[in-house]
Structures are given as structure tokens and as C-alpha cells.
Number of protein chains: 2
Amino acid sequence: MTDPLISPPAAERHRSADLPPLPVTVDTVIFTVLGEELRVLLVRRAESRFLGLWSLPGGFVRPEEALEAAALRELRDATGVTDVYLEQLYTFGDPDRDTRGRVISVAYVALLAADRCPLVPHELEAEAQWFSVYELPALAFDHPRMIQSGLERVRTKLEYTTIGLQLLPATFTLGELQRLYEIILDRRLDKRNFRRKLKLLELVEETGQKRSDGRGRPAALYRFRRIDFVQLRERGIHVPF
Amino acid sequence: MTDPLISPPAAERHRSADLPPLPVTVDTVIFTVLGEELRVLLVRRAESRFLGLWSLPGGFVRPEEALEAAALRELRDATGVTDVYLEQLYTFGDPDRDTRGRVISVAYVALLAADRCPLVPHELEAEAQWFSVYELPALAFDHPRMIQSGLERVRTKLEYTTIGLQLLPATFTLGELQRLYEIILDRRLDKRNFRRKLKLLELVEETGQKRSDGRGRPAALYRFRRIDFVQLRERGIHVPF
DNA sequence: ATTCATTTGTGTCCCCGAGACACCAAACGT
DNA sequence: ACGTTTGGTGTCTCGGGGACACAAATGAAT
């Protein structure tokens, strides 16, 4: 048996009573593609510090609450958003990142399809808005960094996973899917190469229906075929076409 | 101005005084390649709970300490390891992940070249050891999951970054470099393809010296040429040769 | 000194995915 | 019927990825 007397400091180090615990928050960078723009949902701060500034939806983690559950709860309470794709991004913990004092923040990225966006929910129009990622207002704390990280994460994973499909309704046209990619990646893609890759990957299948959007030839409607992400990587996928 | 009386709960939610802060720890999965095996450094727990079990080096974050600084400090104190490559992995926060109560743990991955490994440092032989990742002892908490995540991270990044070079001394032979990749990825690679890719990427350069390891033809010694990670990705790199 | 074992070092061929590129089809409005 | 708009399709070329075999340089053993 190890004798605890050998190194008392080591034995003490792990006693939570000895060190003050820290405030822990979650913050969520939630994206959607709306009106031909990649947007992020921001809320107006009601707290005295930074009052009136915009910030990411988030808040303190409760004592018996999982981190992801906290992120979902804050998202629901502040914006009405539920049932989103959610993925942990990074934990920010620099001692001076929050002017209120030392706060650890676990950041999440979320994706929400445009047809499920609360545009003006619970009459909070003035308290929550979707901003273009290229035209952000003044933000509290280190939230600009979080948004930047979230954007990089989404762009990266767009290339080798199917998260992009989280941002579309259940059925969609190939034109819409391509526009989604172009808006997020901020560059134009070749239509034929894009479709060739889709066929190769067998990511989507026709529903048999068509949709006409006013002018132009009607487009075939597709739906997502659930595919294992791992299979994608193993097939050596590189999705930005 | 927003009237704070409209939604007192929202206004209160962000006051750290209202919610008990949480204990926050850092834990580090530190890898090396030693004796033809991928190994992880574990320490024997001195604390009463889980006494005698092995665990990842880690401990509580101090009130004014950055997360990464905490990870480095715990690593140094528990194992004597300094100056390592360190990268944040994931934050584990399930309410029941630590039997001592609710503890948030920010996990890090570290890489240490074999020639800098403390083998039997500070006479703590019995308190810290390098274990093969395929033959782990019983571990405290959710540390097996952390090691698994760390392993996946290292394998993934081996493919599109140069972190592998963190695990070798300043000069090395191409055989050593290839063996490193084979051990981490746990599969054999083709020598000619491996070298062709290295030349293509201009990752390493000859030092002009040679080394003879006892038997066999002497191998040329190489050194790492610092290269921007981003450039690698842009050049469409896929390193496992 | 010769032989053997061991490790280093090198080039070619084939396949497949990636990117560049242009035209016809189907609907709508006038 | 004509113009406008959007949807839908095939080919060629280039380059990286994987499979593959043999000679060269050394040390050890005899």
C-alpha cells in the first residue's frame, strides 16, 4: 500500500475542499443559413455588466447538470430553440477572459435548419437576433474568438462529415444543398463536380417529387440517406467538391 | 434600456453568486513511443478515494491559473515532465463521472519524445509509469475514455499535421520516423511510398551525418524542417502514406 | 576473407478522385 | 413565341495513392 504520509501535498492536492471551485458556464455558437447568409444567433445581455451588448446564448452550469444539458437548457430558455445538433467546441479558461472574474466557459457549436429558426419567438425580437457572421455587432467577453473557432469547426467538418445536412429541411433540392455549401465555405463550387460526388457517396436519394419555385425548371426533391460518418472517412471523402 | 424587472430570472441567472461554482480539474493524456510501443504515462493515486489505482496525471485548477498552465504544473509536479507539446482534448462534465462528487475535467493530450522521458525520475518509480496503451491497468474515474479520445486525436492529427515529429529527438533516421508512424497507427506502411511523400512535402532534410546502429547499413540522419501546418492542409496532405 | 543476416535506399505502373469546362431541358412571364 | 431563369448532364486531363522488388552498406559469425 502507498503510505499517504510520504507526500502530504500530493494527497491534499486532490481534496476539493482545499481549492475554491470555479464558476463554469456554457456558451453556444449556433449557426443557420438564412437568406443566402451564414448567421449566428446572439442575445442581448440583460445583466448589469456588459448590459446591452450582444453575446452568445449561454449561462452557468447547474450543480447536477451535464454540460450538454446546460447548453441545451440555456439555448431553449434564451431563444426557444430546441432539438438542435450540438457538439462541444473548446473550453476557454484564461483567468481574464471574463471581466466579472474568473469563469470557465465550455463552448458548443450548434446547427439549426432554417425552417426551424425562431425568427421572432416569444416576442423577444429585440433580445435575440440572427446576425451574419460577416457583420457582427460588438460582443461581450471573448465571444468573437468563440464564433471564429465555431466557424472553423463547421467549415472543417463540412468537408468530411454530413453535418451540412443538419442545416436543411427534410427534403431539399440539390441546388439548395449546393448553395448551402457555397454560403458556408464562402466560395463557388462547380455544379457538375458537386453532383458527381453526391452520386458517388450515395448521400441523398430522390423522393420522386418535384418543386417549382416560381420561375425556372422545377427541381427534383431529395432526402438524406443516413450514412455512417466513419464509412465516409474510410472511403476517403473530401466533400467540398 | 432593458428593464431588468421584466425577467428577473434571466437577470439573476448570470450572477455567479447565485449558483455554486464547481470543482474544475485538468487531466493529461501524455503519450510517448518507447520500446516499439505507444505508451501513456500514469500515476498511482495517493488520495484516499481510489487509493492505489492508476490515473492520468492531473489535479485541480487554481483560482488564477490558466487551464493549460494547470495541466503543465500538474504534469511537472507529478512526473517531472516539462516542455511538452500540449493540446486541449475535450471537457468531461457528466455529473457522475467522478465518485467524489461533481467535478468538471478539462482533458489535454501531450506528446513527449522518448529521449526526454523521465524513466525513473525523482525516485518515484512506483508512482509513475509508462504503460502500453494496449495493456492498461485498472484506471480511476472515466480515464479510460480520456485515453481512448486522446489516442483517436493523435492518430487523426498524425495524418494531416506534423505532430509526429514531437515524438522524435532532434535528429533521426527515416526508418525511425516510419516506425513511429507504424506504432501509433498500428499498421505497416510502405517504405517507398513513405519516403516519396516525405520528399514531396519537404518535411525533413538531411543533416549530412550517418548513424550505424550495430548491424545493418548505416542510415542518414535527418532533421525536421519547420513547416506551417496550414500549408500542409492546403497542399492537400494525407500523411499516412 | 568469405558468407550471412540485417537494415538502408531507390523507381515504375496503374488506378481513381479532383478540377476545369459547355450545352440542352423545363418551366415561367411577357 | 420569345426571353429569362434555374435544373440537369459527360469528358478530359492531371496528380496523388497504393502495390510492388532489388541492390547497397554494414556487422557478426565462421
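The following legends describe close-up views of a predicted model with chains A and B.

**View 1. The interface between chain A and chain B.** In this predicted model, 42 residues of chain A are in contact with 42 residues of chain B. The size of an interface is often expressed as the accessible area that is lost when the parts come together. Between chain A and chain B the buried area is about 3900 Å², and carbon and sulfur atoms contribute 61% of that area. Polar contacts between chain A and chain B number 10 residue pairs, with both residues at pLDDT 80 or more.

**View 2. The side of chain A that touches chain B.** At least two residues of this side are supplied by each of the following elements of chain A: helix 1 (8–13), strand 4 (58–60), helix 2 (67–79), strand 5 (85–92) and strand 6 (104–111). Sorted by class, the side of chain A that touches chain B comprises 18 nonpolar, nine polar and 15 charged residues.

**View 3. The open sheet 8-10-9 of chain A.** Three strands of chain A form an open sheet in the order 8-10-9, with antiparallel pairing. Strand 8 (171–173) and strand 9 (204–211) of chain A each have a single partner strand and stand at the edges, so one side of each is left without a neighbour in the sheet. From one strand to the next, the twist averages 40 degrees. Strand 9 of chain A pairs with strand 10 (residues 219–224) of chain A over five bridges in the antiparallel sense. Opposite A:K210 stands A:A220, in strand 10 of chain A. Helix 4 (residues 174–185) of chain A lies across strands 8, 9 and 10 of chain A and runs at about 80 degrees to strand 8 of chain A.

**View 4. The open sheet 8-10-9 of chain B.** In chain B, three strands form an open sheet in the order 8-10-9, and the pairing is antiparallel. At the edges stand strand 8 (171–173) and strand 9 (204–211) of chain B; each has a single partner strand, so one side of each lacks a neighbour in the sheet. The twist from one strand to the next averages 40 degrees. Five bridges join strand 9 of chain B to strand 10 (residues 219–224) of chain B in the antiparallel sense. B:Y222, in strand 10 of chain B, is the bridge partner of B:E206. Across strand 8, strand 9 and strand 10 of chain B lies helix 4 (residues 174–185) of chain B, which runs at about 80 degrees to strand 8 of chain B.

How values were computed: Residues numbered from 1 in each chain as written. Chains lettered and ligands numbered in written order. Predicted model: local features only at pLDDT ≥ 70, side-chain atom pairs only at ≥ 80, totals over all residues. Heavy atoms only, no water. Contact = heavy atoms within 4.5 Å. Buried area = accessible area lost by both parts, 1.4 Å probe. Polar contact = N/O pair within 3.5 Å; in protein donor to acceptor, adjacent residues only side chain to side chain. Helix = DSSP H or I, 4+ residues; strand = E, 2+ residues; numbered from the N terminus. Nonpolar A, V, L, I, M, F, W, Y, C, P; charged D, E, K, R; others polar. Pairing = 2+ DSSP bridges. Axes fitted to C-alpha atoms, helices over the stretch in contact; angles between N-to-C directions.
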